[in-house]
Amino acid sequence: MGKTIIISNRLPVQLQISNESITAIPSVGGLATGMKSVHSGGDSLWIGWSGLTDEEIPQELAPKIDEALAEHGSSKVKLTSAEVDGFYYGFSNRTIWPLFHYFLEYSEFELASWDIYKKVNQKFADAILEKATDDDTIWVHDYQLMLVPQMVREKRPDISIGFFLHIPFPSYEIFRTMPWRKEVLSGLLGADLIGFHTYDYERHFLSSVRRLLGLDVSFNDIYLDDRTIKVDSFPMGIDYKKFSDAAKEHAQRSEEQKSELQKRLDTHKKSTPDAKFFLSIDRLDYSKGIAKRLNAFEYFLNKYPQYKEKVRLIILAVPSRSNVPQYQLLKKEIDELVGRINGELSTVSWTPIWYFYRSMPFENLIDLYTTCDIAWLTPIRDGMNLVAKEYIATRTDKTGVLILSEMAGSANEMNESILINPNNFEQIADALNQAITMPKAEQQNRNSILQKRLERYNVEKWANDFMTSLRNQKEGNTTYVSR
Ligand code: GDG
């Protein structure tokens with residue numbers, strides 16, 4: 001059996017150059033976090049963009065960069081800054097991302113960025129073709145690389161290719177608005193197996209294939225020439241053990257070993273023992289509904305004024321795609337909302353919102369997960385949402401309440417949390433009240449069911465299921481062709 005080639009826009013590490021030295025920083029984000037445990041497990045190579053444009057890499061450092069990446073089992077695709085602009089900030093994040101998250105009004109349809117998207121997808125495909133042998137298995141990830149499967153298939157008709165989409169696949173009515181809808185579908189159909197987080201995304205995709213390409217679809221098989229393409233759902237799990245072990249270790253820490261953040265959190269908890277901490281962690285992205293959550297928080301405090309000075313909302317918003325105008329506007333909106341709400345409601349001893357606009361080290365993430373009583377994760381649309389799963393995994397004593405949006409893919413597997421519609425402020429306010437007053441036994445009961453499920457269906461199982469299904473599909477296809 002050959003090696004596994006993972007291919008995604010970003011590598012598991014991002015490189016930074018300062019004073020001729022190169023530092024590799026682990027990438028933050030759902031895909032990077034999830035695939036890391038798969039990548040470190042066996043014979044695999046990860047191909048992607050290093051995070052540095054050609055213009056940012058001094059020529060004399062290029063070999064060192066390749067060495068640094070090789071140490072992390074990675075190999076880079078070279079991109080110029082114009083390519084990154086058109087492909088990543090352009091078509092990927094101004095066309096596909098908003099469209100697939102149902103933000104139709106944000107989607108731009110520009111021929112020039114579509115052309116760059118095609119060109120850059122070809123670069124990724126070429127990078128695979130250069131490294132792959134026929135018995136390798138190629139696993140292509142996410143919306144930035146939807147044309148890659150077909151580009152590889154054209155040159156290597158027999159190689160095994162899987163594709164996984166980490167974001168929602170929208171309904172046909174939304175998807176059909178894209179001018180290059182048929183090309184995108186044909187690009188994906190170069191794969192043997194196409195995976196989604198949920199059955200709904202799978203259904204939307206199959207419906208688009210049937211209606212736009214007129215292909216023969218039976219149950220979840222698509223028939224194309226002499227190949228059968230399988231479409232299936234694989235809800236992505238987390239590295240459960242990593243999070244629960246980190247939480248157990250965290251609980252053992254002495255006062256001196258605690259982080260500054262933890263000490264600060266402890267001080268506040270001690271000064272108001274019946275206070276409740278709400279936690280909100282997301283990349284700063286309009287699909288995550290952070291601005292709506294802030295407005296809902298204000299609504300909640302007006303509806304339940306008894307909680308003033310008793311609750312605190314901790315928001316960690318991780319900087320993301322700050323070159324895209326929608327993200328800059330959102331940042332401004334959130335800054336203003338936090339300022340206004342804190343300005344209007346704060347008292348001498350109480351600041352209702354603590355707002356961090358940065359990425360935090362893993363250790364601080366664990367501080368927040370383990371200390372906050374309520375995780376409030378209410379995206380407007382989200383492929384899965386791993387933060388919800390991570391929060392539950394760190395609750396070693398099984399207390400804590402998760403309030404989760406119905407619009408997150410993870411809601412399908414997390415029925416024991418409090419599920420809400422992120423647009424319904426009345427329901428959210430009541431959910432927060434329910435969470436605050438929920439008896440400990442009920443919290444533990446709900447979380448122990450959730451924990452068992454998350455522990456069983458972890459990220460390793462997710463990757464294994466996908467790879468097994470890809471292998472079976474490939475074998476089926478080979479038999480079919482030779483018949
Ligand atoms: C996409 C889809 C889908 C966050 N802040 C910090 C930090 N994180 C880590 C979390 C978590 C990951 O980033 C975020 O994952 P999500 O799933 O919540 O969201 P996206 O980044 O939008 O991911 C999403 C995912 O892909 C997987 O398919 O679930 O729907 O949009 O793992 O822990 N990590 C550190 N510091 C932070 O400040 N160290």
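Modeller: Let's start with Q16, which touches T23 and I25, leaving aside residues up to four places away in sequence; touching, or being in contact, means that the C-beta atoms, placed from the backbone, lie within 7 Å. This is a predicted model, where local features need pLDDT of at least 70, side-chain atom pairs count only at pLDDT 80 or more, and totals for chains, interfaces and linings use all residues. Residues are numbered from 1 along each chain as its sequence is written. pLDDT is the predictor's confidence in each residue, from 0 to 100; the protein chain averages 94, and 97% of its residues reach 70 or more.

Q16 sits in strand β2, residues 13–18. Strands are DSSP runs of E, at least two residues long, and helices are runs of H or I, at least four long, both numbered from the N terminus. Along the chain, L52 is 36 residues from Q16, yet their C-alpha atoms are separated by 7.8 Å.

Now look at strand β1, residues 4–10: seven of its seven residues are buried, so the strand is largely enclosed by the rest of the structure. Strands pair if DSSP finds at least two bridges between them. β1 pairs in the parallel sense with β6 (residues 137–141) over four bridges, and I5 stands opposite I138 there. β1 also pairs in the parallel sense with β4 (residues 44–49), over five bridges, and here I7 has I47 as its bridge partner.

Elsewhere, six strands make an open, parallel sheet in the order β14-β13-β12-β15-β16-β17. Its edge strands, β14 (353–357) and β17 (418–420), each pair on one side only. β17 pairs in the parallel sense with β16 (residues 401–405) over three bridges, with S405 opposite I420.

Last stop: the largest nonpolar core has 65 residues, and I403 is one of those with the most contacts inside it. Such a core is a set of buried Ala, Val, Leu, Ile, Met, Phe, Trp, Tyr and Cys residues joined through C-beta atoms within 7 Å. Apart from it lies another core, of 63 residues, including W97 and M151.

Notes. Two residues are in contact if their C-beta atoms, placed from the backbone, lie within 7 Å. A residue is buried if 20 or more other C-beta atoms lie within 10 Å of its own, exposed if 12 or fewer, and partly exposed in between; C-beta atoms are placed from the backbone.
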